[in-house]
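Please consider the following note on the model shown below.

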Amino acid sequence: ARVLAGGALAAEAPSQRLSALADRFVGEMVAYDPTIAYFNGLPTDDHGRFADRTPQALAARGALEAADLKALQAIDPSGLPTASRATYAVLKEKLASDLQLRVCRKELWGVSHLDGLQVVFLQVAQQQPVGTAQARAQALARWGSAPHAIDVEIANLERGLKEGYAAPRSVTRRVIGQLDAVLGAPVDKSPLYSPAGRDTDPAFRAAFARLLTEQVNPAIRRYRDYLANDYL
């Protein structure tokens, strides 16, 4: 009986290691960018920030993924039960592809009408939780950090140009058009106003409108003018 039990535990060990590693990877992913939880059905209590796209933060994220891939490769998939092999394969594909795609340096030419920063803002605005005092505080914190996120984006693009990376002119013009549409809308009609529009607290609605007017929209204007006058 001891021999059989020992064999069963040994067989379970790779599966348990894989499960722990998968949980760790998902936790790291959400910790880096809590907004992905809205689009992947993942739980998060962090609704107060955007992903940090500074070179230091991206390097740290890459180091974590490299460590996770190394840990995954130490697990022999032949020792996994059938039900766990799909998890192994999906996690290996995700980690390996993320690391291999870093050679593209996408952060240095991230101007995109499909998944650029302005698209992320619009998507997150629709998903931003509201309705409680804590949710309102986190909403104001996240959107108060939007100008910094925009400044980081501009700095990345400037670095990209110096290193020979650039988005196409046609794409850049489309992004400028999207930014013009956001800036041309009255604040209470802006798609970025969604958190306030879905909340009933007058003080929060006023504070959020003021935040858009005084901080977020001027930063978007700064990004738009950089693209039109310098980047393009």
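1. Arg 53 is partly exposed, at 29% relative accessibility; buried means under 20% relative accessible area, exposed over 50% and partly exposed in between, with a 1.4 Å probe and protein chains only. This is a predicted model, in which local features need pLDDT of at least 70 and side-chain atom pairs count only at pLDDT 80 or more, while totals for chains, interfaces and linings use all residues. Residues are numbered from 1 along each chain as its sequence is written, and side-chain values use heavy atoms, leaving out hydrogens and water.

2. Arg 53 forms a salt bridge with Glu 153, their closest N and O atoms being 3.4 Å apart. A salt bridge here is a side-chain nitrogen of Lys or Arg within 4 Å of a carboxyl oxygen of Asp or Glu. The pair links distant parts of the chain, 100 residues apart: Arg 53 is in the loop between helix H2 (37–40) and helix H3 (55–73), and Glu 153 is in helix H7. Glu 153 is buried, at 3%.

3. Arg 61 and Glu 65 also form a salt bridge, at 3.6 Å between the closest N and O atoms. Arg 61 is buried, at 7%, and Glu 65 is buried, at 2%.

4. The largest nonpolar core has 36 residues, and Phe 121, Trp 143, Leu 192 and Leu 227 have the most contacts inside it. Such a core is a set of buried Ala, Val, Leu, Ile, Met, Phe, Trp, Tyr and Cys residues joined through side-chain atoms within 4.5 Å. H10 gives the most to this core, with 11 residues.

Conventions. Helices (H or I, at least four residues) and strands (E, at least two) are DSSP runs, numbered from the N terminus.
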